[in-house]
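Please refer to the sequence and the 3D structure shown here.

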Amino acid sequence: MTKIAVAGTGYVGLVAAVCFAHVGHTVTCVDIDEEKIKLMQQGKSPIYEDGLEELMQENLKKDRLFFTTDYKKAYSEADVIFIGVGTPEMPDGSANLNYIAKVARQIAESIVKDCLVVVKSTVPVGTNDKVEQFIKDFLINDVKVEVASNPEFLAQGSAVHDTLHAARIVIGTNSKWAEEKLLEIYKPFNLPIVSVSRRSAEMIKYASNDFLALKISYMNDIANLCELVGADIEEVALGMSYDERIGKRHLNAGVGFGGSCFPKDTKALFYLAKQHGYELKTVKAAIEVNSDQKTILFKKAKNRLITFEGLKVAVLGLTFKAGTDDLREAPALENIPLLLENGADVYVYDPVGLENFKKIYKEGRQKNGSLTFCADYKEALKSANVCFVFTEWQEIKNIKPGEYKALMRTPLVYDGRNLYPVKAMKEAGIEYYSVGRMPAERLL
Ligand code: UDX
């Protein structure tokens, strides 16, 4: 078993660390945030992720998982150091590599024995070369150090499951020494391993994410056309999905993709290509379609209502998808400011994301409207003139059409996740708009 240090305790770093400990490695997580480290030492997860806290507590008890701010000690004792710090988007769309550079320098100044450094963060192709050079430039002791790439493919909301049951592990190395160390770490996972060169591994991550983003934008584009020509996107997706070359997943049309990966990684790859004098036209289209899609229902509602002034608007679902408390690039965050600018009194509810939402927004008068946080969906819907659904939480999906009818002043619902049967909504007397679906009167 290997002695591992993990830099960064966000989704990527923390989940990887806990899963490494779970399969038997000894893992020390390093973060600069003392409060967060204290919390994790007590077995509390700073992120909402199914099964993570239980696994943390189990491995803390087994003395296989440690949390510290003392990076020097952690790095000097490790045989392999994983970097899982953030690479947020810069204003021009490029990836900000400052956190990686900082950690790389700390590693260089701490290590006292031969060590493999593995970049798990999503980084532009060629970054591993730079990180290796950077570490070598700042090395204090005469030790062997090499950098490898090991991109992460977990999805938020199912992060632990995705790590323990990954479709594949991608490792990118430039030497047998590095390859063998990584193969050893991943052996207990018993998963398919794709071992490639460092630059290809870096590219696999972007190419995979951007392909999925493109798939969603494509379905959204087709959904919009379906509405115009009288077809139904769900029937179309069903028909497409039987072709294994297309696949069954990530075919859901809606209010566009959000989250910490697709929006950032599409822009970063587009930027990388541009830097090399090449225009990635497909990725550009995915970005453009997504940007329009996020407010498509707001625009429809504005046309229908003329003005939002003085209207009670219920917003159900704030997070970028169900199963996470993450609000990054969430469609709700694009629409709420628009609603407020347009004079709406917005009542928001989310079963998990409200706490994070409160860090961004305050209750009360905002722009031309007002904002109220609701403890349950009923409070949001009560006497509302219009409702927007932005996240596919099971609790929101379980709302019966009759409840919308009974609770709202005027039952007008814009559903950005296609959660309810069109026919049932119509039968309950609701004026219902979703994305790319056939109106009830045209259904059999
Ligand atoms: C994604 C990738 O799935 C994962 O492999 C990668 O490591 C990180 O990026 P994540 O962002 O957590 O993971 O969630 P994902 O389930 O892929 O959804 C991303 C966004 O696309 C969400 O806003 C989601 O609502 C949207 N989406 C997803 C759709 O609109 N339609 C779909 O069919 C699937």
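The angle between helix α9 (residues 198-229) and helix α10 (residues 233-241) is about 130 degrees, and their axes lie 9 Å apart. Here axes are lines fitted to C-alpha atoms, for helices over the stretch in contact, and angles run from 0 to 180 degrees between N-to-C directions. Helices (H or I, at least four residues) and strands (E, at least two) are DSSP runs, numbered from the N terminus.

The model is predicted: local features need pLDDT of at least 70, side-chain atom pairs count only at pLDDT 80 or more, and totals for chains, interfaces and linings use all residues. Residues are numbered from 1 along each chain as its sequence is written, and side-chain values use heavy atoms, with hydrogens and water left out.

The crossing of α9 and α10 is right-handed; a crossing is left-handed if the near helix is turned anticlockwise from the far one by less than a right angle, and right-handed if clockwise. Tyr218, Met219, Ile222, Ala223 and Cys226 of α9 make the contact with Ile233, Val236, Ala237 and Met240 of α10, where contact means heavy atoms within 4.5 Å. By class, the residues of this contact are 9 nonpolar, no polar and no charged. In this division Ala, Val, Leu, Ile, Met, Phe, Trp, Tyr, Cys and Pro count as nonpolar, Asp, Glu, Lys and Arg as charged, and the others, Gly among them, as polar.

Helix α1 (residues 11-22) and helix α3 (residues 52-61) have axes that come within 9 Å and cross at roughly 50 degrees. That angle makes α1 oblique to α3, and their crossing is left-handed. On α1 the contact involves Leu14, Val15, Val18, Ala21 and His22, and on α3 Leu52, Leu55, Met56, Glu58 and Asn59. These residues divide into 7 nonpolar, 2 polar and 1 charged.

For helix α5 (residues 98-110) and helix α6 (residues 127-138), the axes come within 8 Å and cross at roughly 40 degrees. The pair α5 and α6 is therefore oblique, with a right-handed crossing. Ile100, Ala101, Ala104, Arg105, Ala108 and Glu109 in α5 meet Val131, Phe134, Ile135 and Phe138 in α6. The contact of α5 with α6 has 8 nonpolar, no polar and 2 charged residues.

Attention now turns to the ligand. Of the 18 residues around it (a heavy atom within 4 Å), Phe153, Leu154, Gln156, Asn252 and Arg417 come nearest. The table gives polar contacts, meaning pairs of N or O atoms within 3.5 Å.

| Residue and its N or O atom | Distance to an oxygen atom of the ligand |
|---|---|
| Phe153, backbone | 2.7 Å |
| Gln156, backbone | 2.6 Å |
| Arg417, side chain | 2.7 Å |

Leu407 belongs to helix α18 (residues 401-407). Leaving aside neighbours within four places in sequence, Leu407 is in contact with Lys378, Leu381, Lys382, Ser383 and Ala384. The C-alpha atoms of Leu407 and Leu191 are separated by 50 Å, and the two residues are 216 residues apart along the chain.

Methods:
A polar contact is a pair of N or O atoms within 3.5 Å; within protein, one must be able to donate a hydrogen and the other to accept it, and residues adjacent in sequence count only if both atoms are side-chain atoms. Angles under 35 degrees count as roughly parallel, over 145 as roughly antiparallel, 65 to 115 as roughly perpendicular and the rest as oblique.
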